Amino acid sequence: MTDFSRRRINYIIPAEFDEKKVIAYLRGEAKLSSRLIRTLKHYEDGILLNNIHARTVDLLKAGDILSVTLPENESEIEPLEYKLDIVFEDEDLLIINKPASLPMHPTHNHQGDTLANAVIYHLKEQGKGVSFRAVGRLDKGTSGLVVCALNSYCAARLQAKIDKTYFAVVEGKYEGSGTIDRPIYRPDPMKTLRAVGEGGDRAVTHWKAIKTDGKRTLLEIKLETGRTHQIRVHFASLGTPLTGDRMYGKECDEITHQALHCGKITFIHPVTGTLTVLKCPLPDEMNNLL
């Protein structure tokens with residue numbers, strides 16, 4: 001299917017609209033709905049006059065070029081009725097505490113049973129736009145906070161601007177704090193598996209021990225870089241894989257997935273400019289490991 005998302009349409013203003021407001025042309029000649037016009041006003045390039053951002057109350061001149069850049073198409077992702085654990089929601093952002101059992105995006109192994117499907121359902125129910133724009137991602141098996149932007153403007157503003165704090169339970173005793181600075185590469189381009197090794201991309205992980213029972217340790221983790229599976233690969237490379245991580249460690253009867261949780265995020269709200277700090281507690285299955 002042809003993707004017409006973010007398609008720009010240009011109109012040359014005829015003489016009869018000279019000294020008329022932008023809104024008069026959009027509602028009259030262009031026949032745009034009030035709802036679409038409201039949506040366009042959320043985008044920096046939604047309404048342009050001679051290639052400059054315009055307000056709907058600005059006056060037109062004959063011969064001007066008025067442009068609208070249409071919002072993205074509605075998602076083709078099938079909605080899934082699912083009770084989301086919503087931590088924060090406003091007109092621009094939807095922030096969810098994702099359970100470990102829920103994958104992020106549809107894949108050949110998961111169709112219709114992902115966070116994307118659940119978010120699409122929720123947005124449809126709210127009468128909001130129905131594109132899934134997760135800012136960053138969590139692996140299947142990793143729980144915690146996921147930020148979904150409700151428009152492309154906010155999605156762009158938040159890229160690489162969200163400070164995340166992770167919590168992990170690892171197999172081994174850690175005390176104090178430290179940094180892992182080891183490059184990560186992909187041994188087989190056909191597989192998602194990563195490994196530490198020369199020639200890889202630089203990867204830096206900062207950790208602080210919270211508590212330990214001598215056999216396992218709960219760590220607070222901050223990433224300086226964002227490589228795929230970085231936390232899992234780094235601790236496995238030290239001989240202390242995340243508890244329950246079947247890809248980089250071994251299975252565990254006490255937990256069915258890697259013990260990893262994104263428990264805190266900090267960012268500047270892209271519209272209001274307010275400092276936003278959100279937290280969600282460790283899931284019980286991780287708490288019970290120590």
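The side chains of R216 and E171 meet in a salt bridge, with N and O 2.8 Å apart. A salt bridge here is a side-chain nitrogen of Lys or Arg within 4 Å of a carboxyl oxygen of Asp or Glu. The pair links distant parts of the chain. R216 belongs to strand 14 (residues 216-223) and E171 to strand 9 (residues 163-171), 45 residues apart. R216 counts as buried, at 12% relative accessibility. E171 is partly exposed, at 27%. Buried means under 20% relative accessible area, exposed over 50%, and partly exposed in between (1.4 Å probe, protein chains only). Strands (E, at least two residues) and helices (H or I, at least four) are DSSP runs, numbered from the N terminus.

The model is predicted: local features need pLDDT of at least 70, side-chain atom pairs count only at pLDDT 80 or more, and totals for chains, interfaces and linings use all residues. Residues are numbered from 1 along each chain as its sequence is written, and side-chain values use heavy atoms, with hydrogens and water left out.

The structure holds 11 salt bridges. One of them joins R202 to D181, with the closest N and O atoms 2.7 Å apart. R202 lies in the loop between strand 12 (195-196) and strand 13 (204-212), and D181 in strand 10 (residues 177-181), so the pair ties together parts that are 21 residues apart in sequence. R202 is partly exposed, with a relative accessible area of 47%. D181 is also partly exposed, at 42%. K173 pairs with E175, and here the closest N and O atoms are 3.9 Å apart. K173 is exposed, at 52%. E175 is exposed, at 59%. R137, D139, R232 and D245 are linked in a network of salt bridges. Side chains of opposite charge can pair when their charged atoms come close.

The protein has 39 positive and 38 negative side chains. Lys and Arg count as positive, Asp and Glu as negative; His and the chain ends are not counted. The centres of the two sets lie 2 Å apart. Each charge is placed at NZ of Lys, CZ of Arg, CG of Asp or CD of Glu.

L94 is found in strand 6 (residues 93-98). Its relative accessible area is 0%, so L94 is buried. The C-alpha atoms of L94 and C148 are separated by 5.0 Å, although the two residues are 54 apart along the chain. Beyond its neighbours within four places in sequence, L94 is in contact (heavy atoms within 4.5 Å) with several residues. Among them are I86, F88, V119, L123, V146 and C148.

Four strands form an open sheet in the order 1-4-2-3, with antiparallel pairing. Strand 1 (8-12) and strand 3 (52-53) stand at the edges, each with a single partner strand, so one side of each is left without a neighbour in the sheet. Two strands pair if DSSP finds at least two bridges between them. Strand 2 (residues 47-49) is joined to strand 3 by 2 bridges. L48 has H53 of strand 3 as its bridge partner.

Overall, the protein contains 6 helices and 16 strands. Of its 290 residues, 45% count as buried. Its C-alpha atoms fill a box of roughly 80 × 40 × 40 Å, taken along the principal axes. Among contacts with a separation of 6 or more, 64% involve residues 24 or more positions apart.
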